[in-house]
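The points below take up selected features in turn.

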Amino acid sequence: MEMEGMMALKAVGVGLTVLGAGIGIGKIGASAVEGIARQPEATNKIQTAMIIAAALIEGAALFGIVAATFLV
Amino acid sequence: MLPNLNKPSTVKKFKLYCLVVSMISMLGFLSFAQDGDEAHVNAHDVEEQIHDEAHVMHQEEAEFDVAEMIMHHIADANEFHIAGDLSVPLPIILWDTIEGLQFFLSSAFHHGHTAVDGFVMDHGIVKKIKGDFPLGKVDVEVHHGEVMYNGHHFETEGKSTLIAGSSFYDFSITKNVFTLLMSCGILMFIFIGMAKFYKKGSMVPKGIYSALEPLILFVKEDIAIPNIGEEKHAKFLPYLLTVFFFVWLNNIFGLIPFFPGSANLTGNIALTFLLALITMIMTNVYASKTYWGHIFNPPVPMALKPLMIPIEIVGIISKPFALMIRLFANISAGHILILSLLSLIFIFKSLFIAPVSIAFVLFMSLLEILVGFLQAFIFTLLSALFIGLAQEEHH
């Protein structure tokens, strides 16, 4: 029974992590599209910056998921 | 045209890096051979729990266990499983404190039905049986760390570790080690040939070289130069190219579901640890004075220094740590997702769910091809970024 409770908590943890990452990546994407629309000539630079920022957020989110599924 | 790859010194350095990376990778053997059942432990718990429940509810034993199947596919193994009892055997190299060195093919285990000198194969992974067990080849039944022999019950030992002084050491060429060696061979074959080709003075690439030239230029012009700078990038380009193609090739190999592929190499934390460690060494060994100045004497008011210095020191470790976790988790998550979608058919026990499941799996597999490239790109980009940050001079 206790095991089941742990599994449920893990699932909630993973869900929260994904929620956070989703909000973060969504904001980056929105800003990037806005930026590209304003300055189409800066597309390449904006894209690179966007991918770096998205990767950093994703790293944090994946760290949360790994901690929730493998470590606890 | 590749002006920088024409220089013999760059070609030499590239060869050197190929060699160094493959040699350091070999040091990873031990960890590969041993970390296979890490994920298994978790799956084991879940499995145990499900089994207990099944017993309580007097249900049938032959229930399909998704978690166990997925963990088995993600974990390392001592054979390439194809279908049913068909598999490609791999060499087993064991060092036993009593028996000494043992070397044989994993087919000797007959998929876990035979014990060889006190060793058994439990779900694709070699384990040692605890206590007095007869040497030689004997028929056994193995299930989740428990061995049945002649009506007697035996337990298996945990994985071999260097620190805890286990009674055996596992140096086996597992699926992951095999894939590592194979991809090193492929990369060296292609790129040393390519370097020779350009050295001869040819300007127009041919064959596979013409497909790879844009990628090399991409790593050079979109990753190395913007992040490290025009003057200094040449020193780090060989490493960035090596890591980019190595990660990419292995991400793609991981997606191939049958023999030469199927090993989850870049989804193995030992390998990503090693790659991140190399990036960390590159960053710190070639770092400028300004970089160290920022760490040990950050430009902040005196009162903040006791706080900032530890944070900066943690930053040295945390950046490559994030690199390690990112690659490992992304690739593992992709594999887990594809396998879970495929398992839908067996969970619902319905044929009608199959088209939906297959459509999803196809979509995910295609997405994973993109993710495989993207993760190789991000790993290289962030490596270049960290190296570049450490190169900055005071101005």
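In what order do the 3 strands of the open sheet in chain B lie, and is their pairing parallel or antiparallel?

1. The model is a predicted one. In chain B, the order of the open sheet is 4-3-12, and its 3 strands pair in antiparallel fashion. Strand 4 (100-105) and strand 12 (168-170) of chain B form the edges, each pairing on one side only. From one strand to the next, the twist averages 20 degrees.

2. Within this sheet, strand 3 (residues 91-96) of chain B is joined to strand 12 of chain B by 3 bridges, and the two run antiparallel. B:Asp96 has B:Phe168, in strand 12 of chain B, as its bridge partner.

3. Strand 6 of chain B runs antiparallel to strand 7 (residues 125-128) of chain B, with 4 bridges joining them. B:Met121 is the bridge partner of B:Val126 in strand 7 of chain B. The hairpin of these strands has 2 residues between them, and B:His123 in this hairpin adopts a positive phi near 50 degrees.

4. Chain A contributes 11 residues and chain B contributes 11 residues. On the side of chain A that touches chain B, helix 2 (residues 43-71) of chain A supplies the largest share, 10 residues. That side of chain A comprises 9 nonpolar residues, 1 polar and 1 charged.

How values were computed
Residues are numbered from 1 along each chain as its sequence is written. Chains are lettered from A and ligands numbered from 1 in the order in which they are written. This is a predicted model: local features need pLDDT of at least 70, side-chain atom pairs count only at pLDDT 80 or more; totals for chains, interfaces and linings use all residues. Two residues are in contact if their C-beta atoms, placed from the backbone, lie within 7 Å. Ala, Val, Leu, Ile, Met, Phe, Trp, Tyr, Cys and Pro count as nonpolar, Asp, Glu, Lys and Arg as charged, and the others, Gly among them, as polar. Two strands pair if DSSP finds at least two bridges between them. Axes are lines fitted to C-alpha atoms, for helices over the stretch in contact, and angles run from 0 to 180 degrees between N-to-C directions.
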